[in-house]
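Subject: Structure handover

Hello,

Here is the structure I promised to pass on to you. Please open it beside this message, and read on below for what turned up in it.

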Amino acid sequence: MNKDYTKECYDDNPHYKLHYTVEKHPKNSTPPHLHYDTSLVITCFLKGSGNVYVEGKMYPVNAGDLIILNPNEIHLATVDNVAHERISLYIFDTILDSFQCGEHRFFDSFYKRASGTNNVIHSSIIKSAGIISQLNKIVALNRKNTVESSVLATCAIIELLAMLN
């Protein structure tokens, strides 16, 4: 195992994927490339800094900042040559299927914004809203790897969506 790069992947849930990444020497890792995802992507930089390019717009990011990407937004992330740590959630809108939420649309505030706009929420807002604690809770529940913790992690992700709304 490379101690300079670790990545925990929790990809077995059909409604979301969770990646927790730590890089001690990011310049030695795979070069970034333009791409898009087919899910809502929420990434929080816990440590480190860099830039995120979304639909041609550059956003500087620092520790504690949160990046939100809609499905199909073309993006690229670069990190400064310092150790960094991040949590990335890839959330499919099927996550709400079993909750019968009626007309409430948890994804509206994300999907109704123009592509390449308002993609970063800065750390002061994230900290005061308790978002980092919620993300850490989601990671901890996924690490338990039980049926109960899987259900609770799904609920915690829905709670996160409500917090971000």
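A definition first: helices (H or I, at least four residues) and strands (E, at least two) are DSSP runs, numbered from the N terminus. A second one goes with it: the expected span of a helix is 1.5 Å times one less than its number of residues. With those in hand, helix α3 (residues 131-144) has 14 residues and covers 20 Å from its first C-alpha to its last, close to the 20 Å expected at 1.5 Å a residue.

Please keep in mind that this is a predicted model, in which local features need pLDDT of at least 70 and side-chain atom pairs count only at pLDDT 80 or more, while totals for chains, interfaces and linings use all residues. Residues are numbered from 1 along each chain as its sequence is written, and side-chain values use heavy atoms, with hydrogens and water left out.

The chain as a whole

The protein chain holds 4 helices and 9 strands. Read from the N terminus, its elements run β-β-β-β-β-β-β-β-α-β-α-α-α. The radius of gyration of the protein chain (taken over C-alpha atoms) is 15 Å, close to the 15 Å that the globule rule gives for 165 residues, so the chain is as compact as a globular protein of that length. That rule is 2.2 Å times the number of residues to the power 0.38. Along its principal axes, the C-alpha trace spans about 45 × 40 × 30 Å.

Of the 165 residues, 45% count as buried; buried means under 20% relative accessible area, exposed over 50%, and partly exposed in between (1.4 Å probe, protein chains only). Contact means heavy atoms within 4.5 Å. Among contacts between residues at least 6 apart in sequence, 72% join residues at least 24 apart.

The sheet

For strands, pairing means that DSSP finds at least two bridges between them. An open sheet of 6 strands has the order β1-β2-β8-β3-β6-β9, with antiparallel pairing. β1 (5-10) and β9 (120-121) stand at the edges with a single partner strand each, so one side of each is left without a neighbour in the sheet.

Strand β3 (residues 40-47) has 7 of its 8 residues buried, so it is largely enclosed by the rest of the structure. β3 and β8 run antiparallel and are joined by 7 bridges, with Leu40 having Ile91 as its bridge partner in β8. β3 also pairs with β6 in the antiparallel sense, over 4 bridges, and here Val41 stands opposite Leu69. Strand β6 (residues 66-69) in turn pairs with β9 over 2 bridges, again antiparallel; Leu66 is opposite Ile121 there.

Then there is a hairpin. Strand β4 (residues 50-54) and strand β5 (residues 57-61) run antiparallel, joined by 5 bridges, and Val54 has Lys57 as its bridge partner. The hairpin has 2 residues between its strands, and Glu55 in the turn has a positive phi of about 50 degrees.

Two polar residues worth a look

Ser88 lies in strand β8 (residues 84-91) and counts as buried at 5% relative accessibility. Its side chain makes a polar contact with the side chain of Thr43 (3.0 Å). A polar contact is a pair of N or O atoms within 3.5 Å; within protein, one must be able to donate a hydrogen and the other to accept it, and residues adjacent in sequence count only if both atoms are side-chain atoms. Not counting residues up to four places away in sequence, Ser88 touches Lys17, Leu18, His19, Ile42 and Thr43.

Asn13 sits in the loop between β1 and β2 (16-23), and at 10% relative accessibility Asn13 counts as buried. The side chain of Asn13 reaches the backbone nitrogen of His15 at 2.8 Å. Leaving aside neighbours within four places in sequence, Asn13 is in contact with Ser150 and Thr154.

After α3 comes Asn145, with a positive phi near 55 degrees. Helix α4 (residues 147-164) has 18 residues and reaches 26 Å from first C-alpha to last, close to the 26 Å expected at 1.5 Å a residue. The buried residues in α4 include Ser149, Ala153, Thr154, Ile157 and Leu161.

Best wishes
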